[in-house]
Amino acid sequence: MADVIKTATRDAYGKALVELGGINDKVVVLDADLAAATKTGMFKKAFPERFFDSGIAEGNMMGVAAGLATTGYTVFASTFAMFAAGRAYEQVRNSIAYPNLNVKIGATHAGISVGEDGASHQCCEDIALMRAIPNMVIINPADDVEARAAVLAAAEYVGPVYMRFGRLAVPRIFDEDYKFEWGKAVVLSEGADVTICATGLMVKEAIEAKELLAAEGISAEIINVHTIKPLDKETILASAAKTGAIVTAEEHSIIGGLGSAVAEAVCESGKGVPVVRLGVNDEFGRSGPAVELLHIYGLDAQNIVAKAKQAISLK
Amino acid sequence: MDAVIRKQLKIKACKARMGIIEGVFNAKSGHPGGSLSCADILTYLYFNHMNVDPQNPKDENRDRFVLSKGHAAPALYSVLALRGYFPVEELKTLRKSDSMLQGHPSVKYTPGVDMSTGSLGQGISAACGMALGAKLGGKSFRVFTVLGDGEIQEGQVWEAAMYASAKGLDNLVAVVDNNGLQIDGKISEVNSPYPIPEKFRAFGWNVIEIDAHSFDEIDAAFNAAAEFKGKPSVIIANSVKGKGVSFMEDQVSWHGSAPNAEQYEQAMSELQQALAELEA
């Protein structure tokens, strides 16, 4: 068996921007002194006249992105998730989302898998923050193929989009001809006993968890929720009706992210099924190797299995 | 400045002030003080300086205006209405739930508004982005933004100030409406941003200081800014908060409160008299 390709979604983002730059001369990229890390440096090298560095000033960068967008450009603004969704939250809300401007926020280094830099840089609250903003679309791709497809789709969409990318190289899940459907959750494999709704790097863990559950005679349905807002309620509720139990899995706080969004949708459907959330519990991260941290914080296939059994027991 | 044009501008500015009072009185809330202090500058920009067409408010080659001190929305709305973007009657609907005139400027609701603002410090960044867009697209339009003197306490203003000069945005003109007062009192006492000109010079801007209520000085300043190349220009416009209504002038209490019926009558009567004298 060939080695599994491992690529960080931030790398796929950088490459997709270069691809976009070649086919759309209205694409402009902004960064805040992190071009090497966010991978927008690839675009800078290819299209230096359409790349602008704001320096370490994320609030101003978001405002500049907004102003540029009013003049007809499709603007990608990048920094780490902590600074994009956290530090520049209010600029994103008031200068980008409120006027509904065509700005794509490329937030890299999301979640605990930032690794050694530690809690100050491990943003596990960005989805919660962005979800609460009207007009905002949130996409959290699972691998490099999906990340590329999401970037290309975001450029076609007119309006604000928050795209969440990781630092850690993750295994490729999808074939190169994978079609990204805007706002549509993807049922990766069908099952009968429990639904696992996963997003980002937890999709791969969910696929592994399915194998582990199968060994114990439990049939899991796997849904890749790449778009967290707007949430594809139809696909998720149809699966819930079929399996009668849901586990959510995300590299984000259990508060306000995918788990919350799914729980809200299920509760309001009036067809309640147990929803058990797996994510970073209400705590800060710490320094350490990314893969080790993912296990320490319970973000792995084994914990999805445990949560799946818990969800089934609550039926 | 030509005497006839100066007189016409004074008449427009007086009518703009009446529109401000009308709006804030009917809304029973709003910010008359800082609206009145920048009324002359806004009147000048829309009637004598900016390349805009009320019939085509989205023209991609138009000059842009960003009211970074968004709470002065009544002044912007009043000038936009007088300029023909929407009927002057609309001013009476300010801040009502079915109005096109939000408490702070919004592109979603109001024709002629180029950027949604209100949260201080953010407008100047958007103005930088617009100026950058003009340069990138090889377009000749220019970008104007008005900041409050209290507003420049926001750190983002200085992020933007650094950015504008670093990127050589000489198609951007910022105005600091320097009326000396903010909600909590004198800006020199709350958290002094003085000296303002030296700060902008240190950030690489071309600095011009004027009397914000002299159309001759306003005209000279904007023309000088238009000709200055290589750096963004900032006009420090020394103004009087509440200008044009005697009991509101230089009074911090009129930063964010509406006149009652009696005060409204007095303010309108003063402005009517000023208008009659100008039109005589």
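Begin by selecting His109(A), which is found in the loop between strand 5 (103-108) and helix 7 (126-131) of chain A. In this predicted model, His109(A) has a positive phi of about 55° although it is not a glycine.

Stay in chain A and move to Lys39(A), which sits in the loop between helix 2 (35-38) and helix 3 (41-46). The phi of Lys39(A) is likewise positive, at about 80°, and this residue is not a glycine.

Next, select Lys229(A) together with Pro230(A), and display the backbone between them: the two are joined by a cis peptide bond whose omega is about -5°. Pro230(A) belongs to the loop between strand 12 (227-229) and helix 10 of chain A.

To see where they touch, show the side chains of Lys233(A), Ile236(A) and Leu237(A) in helix 10 of chain A, which meet Val262(A), Ala265(A), Val266(A) and Ser269(A) in helix 11 of chain A. Sorted by class, this contact of helix 10 with helix 11 of chain A comprises five nonpolar residues, one polar residue and one charged residue.

A second pair in chain A is made up of helix 9 (residues 202-215) and helix 13 (residues 301-313), whose axes come within 8 Å and cross at roughly 60°. That angle makes helix 9 of chain A oblique to helix 13 of chain A, and here too the crossing is right-handed. On the side of helix 9 of chain A, the contact is made by Met202(A), Glu205(A), Ala206(A), Glu208(A), Ala209(A), Leu212(A) and Leu213(A), while helix 13 of chain A contributes Ala301(A), Gln302(A), Ile304(A), Val305(A) and Ala308(A). The residues of this contact between helix 9 and helix 13 of chain A divide into nine nonpolar, one polar and two charged.

Now bring both chains into view and select helix 4 (residues 58-70) of chain A with helix 5 (residues 123-136) of chain B, which pack at an angle of about 50° with their axes 6 Å apart. That makes helix 4 of chain A oblique to helix 5 of chain B, and helix 4 of chain A passes helix 5 of chain B in a right-handed crossing. Among the residues of helix 4 of chain A that take part are Gly63(A), Val64(A), Gly67(A) and Leu68(A), and those they meet in helix 5 of chain B include Ala126(B), Gly129(B), Met130(B) and Gly133(B). By class, the contact of helix 4 of chain A with helix 5 of chain B has seven nonpolar, seven polar and no charged residues.

At the start of helix 1 of chain B, look for Asp2(B), a side-chain oxygen of which reaches to within 3.0 Å of the backbone nitrogen of Val4(B). Following helix 1 of chain B is Lys28(B), whose phi is positive, near 60°.

For the last stop, select Tyr194(B) and Pro195(B), between which the peptide bond is cis, with omega near -5°. Pro195(B) lies in the loop between helix 7 (187-191) and helix 8 (196-202) of chain B.

Note on methods
Residues numbered from 1 in each chain as written. Chains lettered and ligands numbered in written order. Predicted model: local features only at pLDDT ≥ 70, side-chain atom pairs only at ≥ 80, totals over all residues. Heavy atoms only, no water. Axes fitted to C-alpha atoms, helices over the stretch in contact; angles between N-to-C directions. Helix = DSSP H or I, 4+ residues; strand = E, 2+ residues; numbered from the N terminus. Parallel < 35°, antiparallel > 145°, perpendicular 65-115°, else oblique. Left-handed = near helix turned anticlockwise from the far one by under 90°. Contact = heavy atoms within 4.5 Å. Nonpolar A, V, L, I, M, F, W, Y, C, P; charged D, E, K, R; others polar. Polar contact = N/O pair within 3.5 Å; in protein donor to acceptor, adjacent residues only side chain to side chain.
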